[in-house]
Amino acid sequence: MDEILDKLRKARYISKIDLKSAYHQVLMEESSKEYTAFSVPGLGQFQFRRLPFGLKCAPMTFQRLMDKLFCSKVEKHVFAYLDDIILVTETFEQHMVWLERVIRTLIDAKLVVNCDKCEFCCQSVKFLGYVLDSSGLRVDSDRVRPIYEYPAPKNVKQVRRLLGMVGWYSRFIKNEAEIKVPLSKLLRKDVAFVWGPEQEKAFDALKRCLSEAPVLVRPDFSKEFSIQTDALDYAVGAVLTQEYEDGEHPVYYVSRVLSRAEQRYTTTEKECLAVIWAIEKFRPYVEGSRFKVVTDHRALTWLRNFKDPQGRVARWAFKLMEYDFEIVYRKGSVHYVPDALSRAFDKEVCAFEKIEDEWYLKKRLDVQREPSKFKDWTIEDGMLYKRGRSALLDPVTNAENGWRLVVPAERRQRVLFDAHSLTSSGHLGAKKTYDRAACEYWWPGMWYDVEKFCSACEVCQRYKVPQTGPTGLMTRRVVDRPWVVVAADMMEFPRSKNQNKYLLVFQDLFTRWIEVVPLKKATGANVLRAFEELVLFRWETPEFFFTDNGREFDNGLLNEALEGYGVKHLFTPPYHAQANPVERSNRTLKTMIASFVNDKHDEWDRYLPQFRYAVNTAVQSTLKVSPAFLNMGRQPRQAKSLRREVEKWCTTEFMKPSAWAERMAKLDELREIVIEYVGAAYEKQSKYHNRGRKEANFNIGDVVLRRTHNLLRGIDKYNAKLDEKYSGPYEVVGKKGVNVYILRDMKKKSRKKPEVHVSHLKRFVQPRLAHRQPA
């Protein structure tokens with residue numbers, strides 16, 4: 001390998017050719033195929049027909065093929081190392097001639113080229129950790145990029161980590177002790193952490209020493225390689241090293257940040273990922289030879305002997321089969337270099353950087369200048385702490401762990417997110433969130449920020465029902481004469497002997513008179529027929545027809561007919577049945593039916609005429625008279641009564657027409673009195689109804705959430721109890737009456753604008769740009 005690199009120094013025109021699936025292009029000798037056999041459960045046994053990856057002899061076999069194709073006769077211009085072929089010349093004309101010869105040689109050998117990885121007629125290419133160009137051979141900057149990009153320490157802990165990595169190679173650095181003096185000063189307890197020009201100069205000098213000779217060496221392929229790896233929550237790091245007479249030298253540094261999916265791996269999986277990634281990264285150096293993998297995670301020693309691997313571990317184990325290596329455990333306390341490389345990306349919340357909070361900077365400066373004046377404040381590793389006191393817990397804990405980390409404004413969202421939104425925090429309320437955060441952190445106005453964060457949490461807004469009283473005060477419906485407003489509702493029962501299943505109820509909202517009819521089917525046609533027979537052509541044409549949103553009421557046939565009669569169709573808000581007064585009569589009717597059918601539930605429609613009579617002749621507590629009296633000016637006599645039986649001898653008195661006309665005239669006066677009674681009843685009822693309720697008013701343009709009403713569905717892995725309690729957001733685009741709002745879905749482009757009662761709405765607080773949960 002050294003000979004190849006030396007001969008490449010005079011290159012001016014360079015081409016790099018990569019062979020596709022290199023080993024698979026080599027046919028297996030017939031007698032050797034049986035040694036590659038493997039079994040697949042349920043499918044039988046198989047063996048490779050071409051050279052597989054994973055055989056110890058595979059790299060040597062393939063290299064012999066390359067040496068045979070490109071022998072010493074072409075060694076001046078063509079060099080091959082496994083599946084990488086390098087072609088170099090001093091002139092372009094020579095380059096084209098040799099390029100044609102190489103390609104023809106590959107075609108004759110029936111080898112396939114990976115065009116995506118090939119580079120032709122370049123001025124420079126990267127090969128085995130070096131950059132080849134017209135200037136000669138120089139070290140690839142990628143080999144030392146993690147060192148160049150290593151961030152400056154922000155606290156004492158990070159300084160110790162940096163000096164630990166430097167100390168591992170200190171014997172190769174000239175005047176190492178003298179260079180690191182400015183950094184060592186920061187480790188003293190009586191010295192405040194201040195990163196100045198002196199420290200920056202020493203830091204740059206140490207990085208330069210680590211990335212140049214004699215610390216960094218050229219790879220010696222006659223010596224064994226070692227790959228040292230380490231993994232943290234957010235990053236992995238590795239270094240390729242070789243052992244010389246004077247000690248261990250680095251060859252190549254690498255590190256990278258883990259993806260969001262990789263950050264969810266377990267600790268062992270992350271350490272295993274670091275090994276896999278590092279081996280793949282250093283493949284040109286270690287392929288075909290035995291090497292060591294050094295890790296500070298003892299559990300990785302099982303990696304080569306894992307039985308029945310599954311999932312990603314199985315894929316990793318299969319990948320490693322083609323390499324010949326030994327896993328060596330090294331204590332984390334002396335695993336300096338890869339540990340430092342992986343921690344270069346460490347996202348510690350306490351490692352504050354780019355602080356712009358003026359209050360925090362001023363308070364930290366005051367504590368530094370006059371520590372005796374601020375006895376409950378201290379500074380450690382450049383971070384500010386405040387002593388917290390608890391009259392309840394301090395006697396138990398002896399005030400241990402009483403120091404709270406003071407958080408600057410830039411990091412408070414992260415603290416609030418961790419204390420409220422993580423699975424280990426549970427989206428609890430503001431008080432519990434504050435108590436959790438206050439155990440470790442402090443800043444002025446912390447309670448206010450916690451309360452504001454929790455109220456703006458979108459998850460809480462969607463999944464939590466308000467614990468305060470319901471919204472929406474009771475409103476008065478004004479009806480000044482009979483049969484102006486008629487309401488209707490449908491009740492469902494078991495199929496009766498007469499094949500009826502539904503009971504349709506009409507009610508005049510002034511007199512409380514009801515009409516009932518059993519139905520076999522709840523259709524718009526049946527409702528229209530009953531409306532015409534029982535209301536329209538029996539009493540009079542109402543101005544308003546009030547129903548719920550059921551299909552039997554909200555349909556084209558009924559709406560068109562009502563429009564033709566001049567009747568305006570009004571609907572109750574969805575899922576707000578109490579807005580329909582017929583519901584109260586329904587409850588009375590259900591009680592009557594249940595009282596008389598006993599266990600003969602299929603006879604529920606037997607006594608409907610009698611029940612209608614009972615309701616219409618009963619004196620209403622609100623009206624002080626019966627619906628029949630308000631409608632007809634008299635109280636009907638009961639069909640069966642003691643009085644009728646004992647007064648059989650009495651003759652019936654006939655009223656004169658003039659007397660009846662006078663009574664009917666007074667009936668209008670009675671109705672005026674009834675309106676006053678209704679008003680007094682409203683005042684009394686609203687007093688109790690509004691107790692514990694609060695008024696809620698929304699303006700046009702306000703953004704709200706709407707209460708969901710999910711039903712149980714026969715779907716696997718779904719439960720309505722676990723679904724969100726509110727949907728949205730919706731924009732308020734209109735208002736009907738006092739408590740009903742017209743909404744527009746802000747996410748779906750739907751023309752339908754639902755009408756929702758105020759008790760099913762709550763104001764939507766726009767979430768702030770919060771810290772994202774670490775993956």
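**Helix and sheet packing**

Author: This is a predicted model. The axes of helix 9 (residues 267-281) and helix 11 (residues 311-320) come within 11 Å and cross at roughly 30°.

Reader: Are helix 9 and helix 11 roughly parallel, or roughly antiparallel?

Author: Their axes cross at roughly 30°. Angles under 35 degrees count as roughly parallel. Helix 9 and helix 11 are therefore roughly parallel.

Reader: Is the crossing of helix 9 and helix 11 left-handed or right-handed?

Author: Take the pair whose axes come within 11 Å. The crossing of helix 9 and helix 11 is left-handed.

Reader: How many residues of the contact of helix 9 with helix 11 are charged?

Author: Helix 9 brings Glu269, Cys272, Leu273, Ile276, Ile279 and Glu280. Helix 11 meets them with Arg312, Trp316, Lys319 and Leu320. The contact divides into six nonpolar residues, no polar ones and, as charged, four.

Reader: Which are the edge strands of the open sheet of five strands?

Author: The order is 12-11-10-13-14, with mixed pairing. An edge strand pairs on one side only. That applies to strand 12 (247-257) and strand 14 (324-329).

Reader: Which residue in strand 14 stands opposite Thr295?

Author: Strand 13 (residues 290-295) and strand 14 run parallel, joined by six bridges. Opposite Thr295 stands Tyr329.

Reader: At what angle does helix 9 run to strand 10?

Author: Helix 9 lies across strand 10 (225-231), strand 11 (235-244), strand 12, strand 13 and strand 14. To strand 10, helix 9 runs at about 140°.

Notes: Residues numbered from 1 in each chain as written. Predicted model: local features only at pLDDT ≥ 70, side-chain atom pairs only at ≥ 80, totals over all residues. Heavy atoms only, no water. Axes fitted to C-alpha atoms, helices over the stretch in contact; angles between N-to-C directions. Helix = DSSP H or I, 4+ residues; strand = E, 2+ residues; numbered from the N terminus. Parallel < 35°, antiparallel > 145°, perpendicular 65-115°, else oblique. Left-handed = near helix turned anticlockwise from the far one by under 90°. Contact = heavy atoms within 4.5 Å. Nonpolar A, V, L, I, M, F, W, Y, C, P; charged D, E, K, R; others polar. Pairing = 2+ DSSP bridges.
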